[in-house]
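Please keep the sequence and the coordinates open while reading.

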Amino acid sequence: MNIILLGPPGAGKGTQAARLVEHHGMRQLSTGEMLRAAVAARTPVGIKAAEVMARGELVSDEIVSALIDAELVAMGPATGAIFDGYPRTVAQAEQLDAILAGHDRKLDHVIELLVDEDALVERITGRFSCSSCGEGYHDTHKLPQTPGVCDKCGSTEFARRKDDNEETVRTRMAEYRKKTAPILPFYDARGIVTRVDGMADIGAVTDEVEGVLAQGA
Ligand code: AP5
Ligand code: MG
């Protein structure tokens, strides 16, 4: 199965994708994570993307679509894909169609996480993750069970994203409204979009997403 998790910054795409990976053995394809890895490794793509990301703007369609294609090449055909933060423009949605066709895959579901934008700034500015295993946390909604120790791997090192400050978040949201929201009609026309209440508890959102997956391909 191949699904897209769609929603503005902080909607919970990464949180839900991680749960689907755990429950179904699917693969999370997050262009944001791929780009952050490229920035950290100072690859040519990372050097190009770093400033754009720090401003909260979108990296070029060609760069992100090439990253997605390369990941699908590396993945076995039997592993399902969860697209997290991709596609983000109508051009990327068209490129994804071509990429999927090239891998004998088809898009089964687009899940839009419906959220209240005002609450998202608080979600994002409170977010941090384990530097070692990447497990996500939040200052108020999800703290490690033992303070300062990762629940999953025991590491005591945590990190915050550079673009998780209020000013950049506002730009990221404006980019979403202007460039990403217009891809919804593209998928609505195919009847594959399901809308889920992204303001519910994390577990309740997962239950709704699981319900969509249970509908099958
Ligand atoms: P990216 O990494 O994709 O960031 P984003 O879309 O801004 O989304 P986030 O990762 O911030 O939010 P999320 O929806 O994953 O929420 P999360 O689950 O963490 O992209 C970063 C940048 O890379 C872009 O700005 C752009 O520059 C570039 N880029 C990436 N892809 C690109 C593309 N395709 N094209 C061009 N450029 C691209 O949750 C947030 C917090 O809320 C967490 O702390 C979590 O614990 C908490 N939370 C989650 N769900 C709930 C809930 N239900 N209730 C309470 N708290 C919750
Ligand atoms: Mg994310």
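A backbone N or O atom of Tyr137 lies 3.4 Å from an oxygen atom of ligand 1, a polar contact in the sense of a pair of N or O atoms within 3.5 Å. Taken alone, ligand 1 exposes 1100 Å², of which the protein buries 94%, with areas from the Shrake-Rupley method and a 1.4 Å probe. The model is predicted, so that local features need pLDDT of at least 70 and side-chain atom pairs count only at pLDDT 80 or more, while totals for chains, interfaces and linings use all residues. Residues are numbered from 1 along each chain as its sequence is written, chains are lettered from A and ligands numbered from 1 in the order in which they are written, and side-chain values use heavy atoms, without hydrogens and water.

**Ligand shell**
- Ligand 1 is surrounded by 34 residues, the closest being Thr15, Glu57, Arg88, Arg127 and Arg172, where a residue counts if one of its heavy atoms lies within 4 Å.
- Helix α2 (31-41) gives the most to this shell, with four residues.

**Backbone contacts**
- A polar backbone atom of Gly14 is 2.9 Å from an oxygen atom of ligand 1, and one of Gly85 is 3.0 Å from a nitrogen atom of ligand 1.

**Strand β3**
- Strand β3 (residues 81-84) is covered on both faces, with Ala81 and Phe83 buried on one side and Ile82 and Asp84 on the other; buried means under 20% relative accessible area with a 1.4 Å probe, protein chains only.
- Strand β1 (residues 2-6) pairs with β3 in the parallel sense over four bridges, pairing requiring at least two DSSP bridges, and Asn2 stands opposite Ala81.

Conventions
Buried means under 20% relative accessible area, exposed over 50%, partly exposed in between (1.4 Å probe, protein chains only). Helices (H or I, at least four residues) and strands (E, at least two) are DSSP runs, numbered from the N terminus. A polar contact is a pair of N or O atoms within 3.5 Å; within protein, one must be able to donate a hydrogen and the other to accept it, and residues adjacent in sequence count only if both atoms are side-chain atoms.
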